[in-house]
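Hi,

Here is the structure I promised to pass on to you. Have a look at it first, and then read my notes below.

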Amino acid sequence: MQYFQDGYVKGDPRIRKAAEGRSDEQGPLPEEVDVLIVGTGPAGLLLAAMLSNFPEINTRVVEKADGPLPVGRADGVNCRTVETFEAFGLADKMTDEAYWVNETHFWGPDPADPSKIKRFGAIQDVRDGLSEFPHVIVNQARLLDFLLEYMAGSPSRLKVDYSHELTGMVPPATDDEPSVVTLKTPEGDKTVKAKYVVGCDGAHSLVRESIGRVAQGYGADKAWGVMDLLAVTSFPEIRFKCTIQSGDGGNILLIPREGGHMFRLYVDMGEIAADAWLTEEEVLAKANSVLSQYDLDVKEVGWFSVYRVGHRVTDKFDDVDDDKIGTRIPRVFIAGDACHTHTAKAGQGMNVSMQDTFNLAWKLVAVLQGRSPGSLLDTYSAERKVIAQDLIDMDTRWSQAIGGAGRVDSSDEKAVQAAFAEVQRQFVKNGEFTAGLATHYTPSLLTGDDAHLDLAKGYPPGRRFQSKEVVRMGDGKRVHLGHVHKADARWRLYAFADVVDPRTHGSKFVELMDWLGSDASPVARFTPSGWEQHSVFDVYGIIQQSHLEVGWEHMPQFLKPLVGTLQLTDYEKCFAPVDDVDGDIFDVMAIDRGQGALVVVRPDQYVAQVLPLDGFDQLNAFFDAFMTPQS
């Protein structure tokens, strides 16, 4: 972490200086805004957190509740989400507090005595090598706290306008019109005009309704009771994530919680009438019947709810019909539960919702800053709707596997063993998805093909950029390369050097750096006048030699930019491999040592292109397709 670029300031460097005209007192909601975010769930606040880095964009967030979420709801935070929070500098805070899901255990009816249950298997929750971060559990209210604190310490000093309920919206009919939003506030009704509206307002989204989008799929056939408990129990694996089926068809998903004592029970309550409600006592009685051979002495119920969620995906995630694409710019978007709903068995709802808005945020920034045309925003719905359908398909398979285990003859040991073997098989098969790492954007405007994948086999276009350890040449510190990627809407260019020593003539790596510093490169063509050199394209170099053999002083000048008002040297753009036998990033990520590779990474951390180090024309052509040349 580098700071003091603008001079020494005491205090927490994570709390950045407020931009001119911004202060801790946000003021009333103005009549006109650039971006209006409706709803403060995970999708809404992650979008707000990223936009808060750009005080020139007038962003506001409205929420009908009178304050932040106090308790619970979603709690599973997959590896991909922790990676995303690292971009905000929040990963350590999250993992320090959270429960780490190390193993998942599978319990079912004991064939010798179907009135009892026993463990049939245990699996490592996240496969080795998938991510440097774990799968963790932290309640949604606390996760949202992290994002709210980030917003409050941003240059925008962005805060939520609570007790502001959306009551109506008229979307724009043309590109020149704003959306007209009506809100019920403590001071009375208020009308706001917004260039862009993002509806993160849940499964019953009024924003979705206002743009005529429809959630398609099938409704819930079962009700689930959800309880966060502080209890004393003789169940021996209360601190492990468990799926539990009893001989009478009972079904529990057990999730240990942060703090070392609390745990969550998702209890299958079966089919009940749509207008019926369940009490804590009824849900607890069902849980006790599944765990009947064990004591469960509840001391406190931290949170209780009942939900019925079907599998649904909204037909489109913006306000432009398919036949109008290219003639109109999307101006209204939906994200999270407004787009997709499913069961909680795979723990993906909150995670996929935040990836929705992480995808959208940088595109809004690029368009509002005039660096890309509005047509870039067409890619949001195109990319994320496919992911939402993949989520539904995976959740359906997982639900069927668990349900199938609960339906077998509990006295038939072979049948029970086979059923739980299928549950474990599905768990392993879905492991990449449940870790949040299965997203694979197909070739498109923003994602290249595999034509040059042999240069960097570990970085296929369309997949997230996987971080590996390297040595920072400026100070010899071991760091994760992917952790240089911040939530700042910048593109990353990772240049892995060729075999030629960068201190000698003929290095393609050095030639690339010279070209990137020239007027012919995307850096010059697409960086607005007066902006710092690396403010749109953040470029890094990774050499093959040890940092003790080739020093920082030998690296190209382009990788030593001057930053901040004091124009201080950036020492953190040059890296070398770690000296571990099995840890060299060139080997681990299968980088071609002879030719090297240029890995182009989108602002949302997904690989866009793998190119040769001398692929100058290809790099220009890629960015020409969706970026606006700057004077």
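Strand β1 (32-38) pairs with strand β2 (residues 59-62) in the parallel sense, over four bridges. Strands here are DSSP runs of E with at least two residues, helices are runs of H or I with at least four, and both are numbered from the N terminus. Two strands pair if DSSP finds at least two bridges between them. In this pairing, Val38 stands opposite Val62 in β2.

Before you go further: this is a predicted model, so local features need pLDDT of at least 70 and side-chain atom pairs count only at pLDDT 80 or more, while totals for chains, interfaces and linings use all residues. Residues are numbered from 1 along each chain as its sequence is written, and side-chain values use heavy atoms, leaving out hydrogens and water.

Back to β1. Six bridges also join β1 to strand β11 (residues 188-199), and these two run parallel. There, Val35 stands opposite Tyr196 in β11. Six of the seven residues of β1 are buried (under 20% relative accessible area; exposed is over 50% and partly exposed lies in between, with a 1.4 Å probe and protein chains only).

To count, NZ of Lys or CZ of Arg must be within 6 Å of the ring centre and within 35 degrees of the ring normal. Lys118 lies over the face of Phe120 in this way, at 5.2 Å from the ring centre.

Now for rings with rings. How many aromatic pairs does a search of the whole structure find? There are 28, where rings of Phe, Tyr and Trp (its six-membered ring) pair if their centres lie within 6.5 Å, and planes under 30 degrees apart are stacked, over 60 edge-to-face and the rest tilted. One of them is Phe235 with Tyr294: the centres are 5.3 Å apart and the planes are at 80°, so the pair is edge-to-face. Phe235 is in the loop between β13 (224-233) and β14 (241-245), and Tyr294 in the loop between α6 (280-290) and β17 (296-307), so the pair ties together parts 59 residues apart in sequence. Both residues are buried.

Phe622 and Phe623 also pair edge-to-face, because their planes are at 70°, with centres 5.0 Å apart. Phe622 is buried at 6% relative accessibility, and Phe623 is buried at 0%.

Ring pairs also link Tyr459, Phe465, Tyr494, Phe496, Tyr540, Phe575 and Phe586 into a cluster.

Cheers
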